[in-house]
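Please keep the sequence and the model in view while reading.

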Amino acid sequence: MLAKTLCYALVGVSGVPIDVQAYVSGGNQFQFTMVGLPDTAVKESRDRVVAAIKNSGFAMPYGHTTVNLSPADVKKEGTVFDLAIAVAIIQATKQIKAYDLQDTLILGELALDGSLVPVQGVLPLVISAKERGINKVLLPYMNAPEVEAVMGMQVYPARNLYEAMQHLSGNAPILTQVQKTYEECLQKQQEQAYDLSRVRGQQQAKRALEVAAAGGHNILFVGVPGSGKTMLARCLPGILPQMTQEEAFETTRIYSAAGMLAPGTGLMTVRPFRAPHHTASAAALIGGGINAKPGEVSLAHNGVLFLDEMPEYPRRVLEALRQPLEDGYANVSRVRAHARYLSRCMLVASMNPCLCGYFGSRTRACRCGSRDIRKYLDRISGPLLDRIDMQIEVDSVPVEEISAKATGEASAEVRVRVEKARKIQLERFKNTNIYCNAQMNNKHIEQYANADDEAMKFLHQAIKKFALSMRAYGRIIKLARTVADLKGKPNIELADMAEAVQFRIIDSKYWGAGDDITR
Amino acid sequence: MISQDKAARLWLAYSESLTYKGRERLIELYGSAIDAYNNLSSNEGNVIGAKAFDELISLKAKGLDYFYLELEKAKAKAVFLGDENYPYMLKEIQDPPDVLFYYGNLPGDDYKAISIVGSRKDTRYGSKQAFSIARDLSLSGVIVVSGLAYGIDAAAHKGVVDSGGKTIAVLGSGIKNIYPKDHIPLAREIIKLGGAIISEYPLYSKPLAYHFPVRNRIVSGLSHGVLLIEAREKSGTLITVSHALNQGREVFALPGQVDAPGSLIPHSLLRDGARLATCADDIIEDMGWGNAENKADNSLNIEELNLTNEQGKIYHALCVDSLSFEELLEKTQLSASEANTHIVIMQMQGIIEALPGGMYRLNN
């Protein structure tokens with residue numbers, strides 16, 4: 001009268017095995033208890049399971065039914081255990097003889113009529129199970145596309161409890177889902193609403209965007225209102241390179257764990273573009289909540305985190321971004337849960353040069369005093385600014401000139417060059433765990449930068465001349481590496497280094513480490 | 001030890017609420033400060049006001065030595081009207097302060113001084129000009145006087161400090177209570193370089209709002225001319241200008257961008273006959289302190305510069321006017337990547353300068 005099934009519980013972005021044990025003892029009173037640290041949604045599963053079993057042509061046993069989710073010290077949440085519990089109860093009452101229960105991962109939520117409802121976190125659970133040698137999974141039909149690219153996993157998608165039981169008993173086996181390779185998963189790049197060809201003029205900003213996309217660098221646009229900062233940022237997804245298989249899995253895992261993957265969708269192959277509003281809290285950006293859910297910085301992993309009007313974000317929130325940006329992961333600790341989420345995203349930010357917005361404008365006089373300007377700029381702290389590889393001034397194009405300016409290249413053309421540069425980087429970093437130049441640490445820089453002596457000498461002079469920090473030093477080398485990659489050159493030459501410096505020196509012009517007469 | 005009379009004058013100066021007029025009336029009535037100290041009668045409450053009278057009585061209770069010892073304790077100095085080292089320009093004004101408290105060194109007996117005043121809400125243009133004009137004046141041996149406030153004042157002091165010269169800051173608070181506090185390091189720098197921090201208010205006096213217009217007469221009084229850089233409506237700097245006119249000082253104004261908020265007042269002064277100043281030499285020449293023929297020849301010669309072909313194009317494009325990046329590309333037909341590279345190299349060589357708003361110009 002005892003039966004066990006296998007399920008996995010989600011902890012952060014990985015799964016831990018949970019033994020679902022059902023024991024039915026004799027008696028003529030109907031009793032059903034569930035033990036093993038279940039949360040509210042799991043406790044409710046008792047009612048769903050009872051109804052689903054009865055409505056699928058099975059009987060709920062009389063007597064005392066005890067379900068134990070073991071190990072008991074792992075906090076279980078969500079509805080993913082429903083199917084495993086129902087199967088265990090049916091098996092324990094010997095209504096059907098099932099096989100392979102210890103080798104098959106069983107996931108899914110039950111509706112009252114016995115049909116299966118998709119659940120969160122299927123991809124991370126399946127990946128974790130596979131790492132532990134489980135290679136069969138029974139799951140809701142709608143969750144199946146999510147795991148279609150997990151190599152070596154036999155996936156059995158079921159529509160309802162009855163189908164699941166028929167499969168497990170061998171009476172009517174479900175066909176394994178056809179496995180897809182990553183290339184087959186790649187969706188056709190979506191048509192982008194914003195295309196670089198529609199941005200007139202702005203060649204410096206466009207060039208900067210190309211370099212940023214090629215090397216995955218953080219970038220800050222500074223410019224007067226209406227100069228097109230936001231539009232430029234929105235063009236970025238259209239020129240970003242395709243995600244690699246590893247990147248796609250990493251990102252999809254986070255989305256799946258956060259419950260943000262629409263049911264029925266497969267692996268995410270398009271880089272995410274996250275644009276949280278400036279009223280977002282630190283927890284929303286970094287991750288948090290009772291269950292330590294991933295924040296925007298992790299949802300943008302391998303993609304773009306766009307902060308429009310950066311000084312409007314509360315200082316505390318911006319400062320909290322520093323560590324995830326630097327380390328590439330966010331540790332989220334809450335009373336009930338601890339999790340580490342990857343957060344290697346490109347930070348793209350925009351801001352006005354001052355409160356009234358017109359400092360440096362040629363069309364309108366700025367109304368701000370120099371102390372006001374400094375106060376405004378100081379909302380972005382030096383350390384945070386240091387972590388932004390590129391700072392670009394966006395030129396304000398007078399309205400009458402807009403129509404006169406030539407339209408530039410289309411995003412697709414730029415993307416070809418970006419892809420080429422990124423391929424060089426993937427080749428370079430194939431024995432490491434990073435994918436692009438921006439992710440290099442000091443050791444990687446030493447190993448891969450390949451800068452000419454002349455270029456390094458130039459950099460040293462520039463550091464002195466523009467009063468740049470040591471962190472800027474490393475960032476400029478990384479930038480120069482990307483500039484050289486775009487040209488397909490093995491070495492960083494003086495010209496590459498100089499262009500990299502150009503992308504980095506407006507902070508000395510605005511934040512003014514050099515001439516401090518206005519303070 | 002100082003004389004009994006001077007000690008009594010310190011006693012009067014230590015009173016916060018005794019007005020300039022009230023002090024004059026007392027001296028008139030008693031003949032001298034020491035007599036006033038010895039014979040102060042309760043009738044005087046009607047003459048100088050009850051508040052001032054009460055204050056004088058309570059100060060008197062501390063004894064005559066107290067004031068001098070207090071000064072010594074603070075390592076501060078005081079100069080009295082009539083003393084040899086009392087600034088000679090200040091002596092001539094209608095209402096010179098009887099006692100000046102100061103740190104540092106007062107100017108010598110034959111000094112030249114210009115005060116630079118302007119808005120606390122300065123623009124970058126204004127503070128940059130204040131800085132460089134003050135520095136150049138100082139390099140020509142002129143003492144720069146200002147008020148240690150934010151904005152133009154601070155920029156002027158910093159310009160002098162940059163040149164290592166002497167500047168005088170006149171405070172609207174006591175010299176032991178420097179306002180604004182952010183400028184304490186600057187004040188220290190000023191004293192170190194042989195300048196002075198001056199106030200007519202008692203050592204620990206607060207920076208009360210009504211101090212500042214009164215203080216401004218000392219700013220203009222100490223100097224031979226006043227340079228106005230940026231002022232917004234209802235600006236305290238206008239008070240300094242009217243003091244300067246009353247005291248017969250020369251008034252200079254620096255022109256600004258026509259539609260900038262700080263330009264209105266300087267421009268209307270210029271229309272009313274103030275002298276136009278664009279650099280230190282303008283002022284030195286107008287004051288008759290020497291001719292400006294020794295202006296350095298700053299013109300760059302392109303043959304002397306070692307420019308590549310691309311850099312030459314950029315140089316020539318910028319010869320006419322300052323340009324944005326976009327315009328530079330149009331004129332030079334370089335790619336964005338090439339232009340980025342060469343702009344940085346030319347900036348490093350000090351040939352061109354980047355301006356806020358993404359503009360570039362030749363460095364002069």
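## Basis of the description

Helices (H or I, at least four residues) and strands (E, at least two) are DSSP runs, numbered from the N terminus. This is a predicted model, in which local features need pLDDT of at least 70 and side-chain atom pairs count only at pLDDT 80 or more, while totals for chains, interfaces and linings use all residues. Residues are numbered from 1 along each chain as its sequence is written, chains are lettered from A and ligands numbered from 1 in the order in which they are written, and side-chain values use heavy atoms, with hydrogens and water left out.

## Helix H10 of chain B

Just after H10(B), Gly194(B) has a positive phi of about 90 degrees. Helix H10 itself spans residues 184-192 of chain B, and its buried residues (under 20% relative accessible area, 1.4 Å probe, protein chains only) are Leu186(B), Ala187(B) and Ile190(B). Because they cover an arc of only 100 degrees around the axis, they lie on the same side of H10(B); the arc is that of the directions from the helix axis to the C-beta atoms.

These buried residues pack against helix H9 (152-163), strand S5 (167-170) and strand S6 (196-199) of chain B. On the other side of H10(B), Arg188(B) and Lys192(B) are exposed, that is, over 50%.

## Glu77 of chain A

Glu77(A) is placed in the loop between strand S4 (63-70) and helix H2 (82-92) of chain A. Its relative accessibility is 27%, so Glu77(A) counts as partly exposed, the class between those two limits.

Beyond its neighbours within four places in sequence, Glu77(A) is in contact (heavy atoms within 4.5 Å) with Asp39(A), Val42(A), Asn291(A) and Lys293(A).
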